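I opened my notebook to look at one protein chain, a step at a time. Here is what I looked up, in the order I went through it.

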Amino acid sequence: MIIEFRVKNFRSIREEQCLSLVASKDKDHSNTHLISTGIRGIPHLVTSAVLYGGNASGKSNLINALSYMKSVVVDSAQIREGQLFNRPYFKLDAEHSKQPSEFEVTFLNNGVRYQYGFSILNDRVAEEWLLVYKSKKPQTWFS
């Protein structure tokens, strides 16, 4: 289950944006709308979320960013050396073409929290990481 998704420098998203499914402390509807995580710091997650806002406020681009991250991961085994990424960076500021786009997802699988992310430029993956929380402190599995 997804806990959080973060994105930066993607389409209309300039600064880091976060979609969090961590539940608030409000217990209304907790028996039908929340999932217990078993993690002390993140006791419950919501089972669904809604994005709302004005026209052209970035709702679709947040979903597109999640889809883009998925496609980069799924297609990564077929990327050849020298192949360029079709990276839709924030284009209203020329400096952002030189800065990496960043994607990170935190999720829960079999009671273990994982935090995976990467930053890419047009021609390469600039950074990639995976943190695993089997206890309170994260283990860096790769960076």
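**Entry 1: a word I needed first.** Before judging any residue, I wrote down that buried means under 20% relative accessible area, exposed means over 50%, and partly exposed lies in between. I also noted that this is a predicted model.

Entry 2: I looked up N110 and found a positive phi of about 50°, although N110 is not a glycine. N110 sits in the loop between β5 and β6. Is N110 buried or exposed? Its relative accessible area is 75%, which is over the 50% cut-off, so I filed N110 as exposed. R11 also has a positive phi of about 50° without being a glycine. The loop that holds R11 runs between β1 (2-8) and β2 (17-20). I noted R11 as partly exposed, at 40% relative accessibility.

**Entry 3: the overall layout.** I stepped back and found two helices and eight strands in the chain. In sequence order they give the pattern β-β-α-β-β-α-β-β-β-β. The C-alpha atoms fill a box of roughly 50 × 40 × 25 Å along the principal axes. The chain has 143 residues, and 34% of them count as buried. I also looked up the surface: the chain exposes about 9600 Å², with carbon and sulfur atoms supplying 49% of that area. For contacts with a separation of 6 or more, I wrote down that 44% come from residues 24 or more positions apart.

**Entry 4: the nonpolar cores.** I kept one general idea in mind: in soluble globular proteins, nonpolar side chains tend to be buried together. Which residues touch the most other members of the largest nonpolar core? They are F5, V7, Y68, M69, F103 and F118, out of 19 residues in that core. At least two core residues come from each of β1, α2 (59-75), β5, β6 and β7 (125-133). Another core, of five residues, lies apart from this one and includes I3, I39, I42 and L45. I then followed F5: leaving out residues up to four places away in sequence, its contacts include L19, L62, M69, F103 and V105.

**Entry 5: rings that pair.** I found eight aromatic pairs in the structure. One of them joins F103 and F118, a tilted pair with 5.5 Å from centre to centre and 35° between the planes. F103 belongs to strand β5 (residues 101-109) and F118 to strand β6 (residues 112-120), so this pair ties together parts 15 residues apart in sequence. F103 is buried, with a relative accessible area of 1%, and F118 is buried too, at 2%.

Next I checked Y114 and W141: their ring centres are 6.3 Å apart and their planes stand at 85°, so I called the pair edge-to-face. Y114 is in strand β6 and W141 in strand β8 (residues 139-142), so the pair links distant parts of the chain, 27 residues apart. Y114 is buried, with a relative accessible area of 16%, whereas W141 counts as partly exposed at 44%. I also noted a cluster in which ring pairs link F10, Y68, F103, Y116, F118 and F142.

**Entry 6: charges over rings.** Which residue lies over the face of Y133? I found R113 there, at 3.7 Å from the ring centre. K91 lies over the face of Y89, at 5.4 Å from the ring centre.

Technical notes
Residues are numbered from 1 along each chain as its sequence is written. This is a predicted model: local features need pLDDT of at least 70, side-chain atom pairs count only at pLDDT 80 or more; totals for chains, interfaces and linings use all residues. Side-chain values use heavy atoms; hydrogens and water are left out. Rings of Phe, Tyr and Trp (its six-membered ring) pair if their centres lie within 6.5 Å; planes under 30 degrees apart count as stacked, over 60 as edge-to-face and the rest as tilted. Helices (H or I, at least four residues) and strands (E, at least two) are DSSP runs, numbered from the N terminus. Buried means under 20% relative accessible area, exposed over 50%, partly exposed in between (1.4 Å probe, protein chains only). A charge sits over a ring if NZ of Lys or CZ of Arg is within 6 Å of the ring centre and within 35 degrees of the ring normal. A nonpolar core is a set of buried Ala, Val, Leu, Ile, Met, Phe, Trp, Tyr and Cys residues joined through side-chain atoms within 4.5 Å. Contact means heavy atoms within 4.5 Å. Accessible areas come from the Shrake-Rupley method with a 1.4 Å probe; for residues, only the protein chains shown count as cover.
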